[in-house]
Amino acid sequence: MKPPIGAERAQGVVRVLQEDPDLAESIDPRQRAQALEAVVAPELYVDAGPWRPHPAPFESGLGMLVLDGILIHRVGIDRRFGLELIGQGDLLRPPPWRAESTLAMTSDWVVHEPVRVAVLEEGFVRHLAAFPELGGRLISRAVERSRQLAVNMAIVHQARVDVRLHMLLWHLAGRWGRVRSDGIVVPLRLTHAVLSDLVAARRPTVTSALSDLSRRGLVHAVREGWLLCGEAPTPSAPAAGASAR
C-alpha cells in the first residue's frame, strides 16, 4: 500500500558524521575515525506533502538534522505568510503545535521534496560528551539559519518585485546553485505561489515579474527549477523593470 502524503518511515540508524562530512571536520583528527563509527542516530524518511512532525524526539534531544530533501516552513498571521526553505545540513526543532505567542498565528511544515533526517535524540546527545566539538558546529548551523532568514528579510524590503525575485533566486543559488555552460541552475521546483510568499507579493504580480525577467534574459524556468543568466544583482546595477507589489 502506498504511504499517505507526508508519512514518516523509520529506517534504522545512520552514521551522522559519514553523512555530513562538515560535522566530521570539527572533530580532532586523532579521534575522527572513532567518531565516524560511533556517532549514530535514528534515520527517518518523510514523503512529500504536509508534515506534522511528532514532538517526542525533541523533548530530550536536539531535534533533526536534514540529510537530503527540501522542507518548507510556513508561518501565517492574518492570512499573510512567511516562508523558510530548509535543506541539507539544516538543524530543525519544530515547536509544540500550540507554542505560546502573543499573536494568533499558524505554523505549517510541508515536505517539498522527500526528506531524510537524522533524529538527534537523547542517545545522540550523549555523544557530545565524548566529542564536544560537535556541539559548537551544530550551534553554528542554527545561527546560520537565522542569518539566512535575515537576508530573506532584507530582500523582501526591496521596493520592486522583479528585484526581489532576482535577488532571492541568486541568494538561493549561493546554496543550491549548479554552474553549467549557459548559467547557474537553482534545482528547486518552486511554484509561483511559493515564490510569492517568499518575496511577500501577490502571485499574479510574481508571475508578471518572472515573465519580465525571462524577457530580459535574466531568469528562465527549466525542468530542474530556475536558470540564472548574467551577473548577480547588485545595488549599483539592479534588475531593470518596474513590477509593482
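This dialogue walks through selected features of a predicted model.

Reader: What ground rules apply to the model and its numbering?

Author: Residues are numbered from 1 along each chain as its sequence is written, and the model is predicted, so local features need pLDDT of at least 70, side-chain atom pairs count only at pLDDT 80 or more, and totals for chains, interfaces and linings use all residues. Side-chain values use heavy atoms, with hydrogens and water left out.

Reader: How many helices and strands does the chain have?

Author: Helices (H or I, at least four residues) and strands (E, at least two) are DSSP runs, numbered from the N terminus. Here the chain has 8 helices and 11 strands.

Reader: What share of the chain is buried?

Author: Buried means under 20% relative accessible area, exposed over 50%, and partly exposed in between (1.4 Å probe, protein chains only). Of the 245 residues in the chain, 43% are buried.

Reader: And how are contacts read?

Author: Contact means heavy atoms within 4.5 Å. Take the contacts in the chain with a separation of 6 or more: residues 24 or more positions apart account for 74% of them.

Reader: Let us turn to strands. Which strands does β4 pair with?

Author: Two strands pair if DSSP finds at least two bridges between them. β4 (63-77) pairs with β7 (residues 106-120) in the antiparallel sense over 12 bridges. Gly76 has Thr106 of β7 as its bridge partner. β4 also runs antiparallel to β6 (residues 91-92), joined by 2 bridges. There, Met64 stands opposite Leu92. With β5, β4 pairs in the antiparallel sense over 7 bridges. Ile72 stands opposite Leu85 of β5.

Reader: Is β4 mostly covered or mostly open?

Author: Mostly covered: 11 of the 15 residues of β4 are buried.

Reader: What should I look for in the β4 and β5 hairpin?

Author: Start with phi. Most residues other than glycine have a negative phi. In this hairpin, which has 2 residues between the strands, Asp78 takes a positive phi near 55 degrees. Arg79 also lies in the loop between β4 and β5. Arg79 has a positive phi of about 65 degrees although it is not a glycine.

Reader: Are Asp78 and Arg79 buried or exposed?

Author: Asp78 counts as exposed because its relative accessibility is 63%. Arg79 is exposed too, with a relative accessible area of 74%.

Reader: What is the order of the open sheet of 4 strands?

Author: The order is β8-β9-β11-β10, with antiparallel pairing. β8 (178-180) and β10 are the edge strands, each pairing on one side only. Axes are lines fitted to C-alpha atoms, for helices over the stretch in contact, and angles run from 0 to 180 degrees between N-to-C directions. The twist averages 30 degrees from one strand to the next.

Reader: Which pairings can I trace in that sheet?

Author: β8 pairs with β9 (residues 183-186) in the antiparallel sense over 3 bridges. Val185 of β9 is the bridge partner of Arg178. Helix α6 packs on the sheet, touching β8, β9, β10 and β11, and its direction makes about 85 degrees with that of β9. Ala221 has Trp226 of β11 as its bridge partner. A hairpin of 2 residues joins β10 to β11.

Reader: How do α6 and α8 cross?

Author: Their axes come within 9 Å and cross at roughly 70 degrees, with α6 spanning residues 161-176. Therefore α6 is roughly perpendicular to α8. Angles under 35 degrees count as roughly parallel, over 145 as roughly antiparallel, 65 to 115 as roughly perpendicular and the rest as oblique. The residues in contact include Val161 and Leu165 of α6, and Val206 and Ala209 of α8. The contact divides into 6 nonpolar, 2 polar and 2 charged residues. Ala, Val, Leu, Ile, Met, Phe, Trp, Tyr, Cys and Pro count as nonpolar, Asp, Glu, Lys and Arg as charged, and the others, Gly among them, as polar.

Reader: Where does Val206 lie, and what is it in contact with?

Author: Val206 lies in helix α8 (residues 203-215). Val206 counts as buried because its relative accessibility is 0%. Leaving aside neighbours within four places in sequence, its contacts include His192, Leu195 and Val199.
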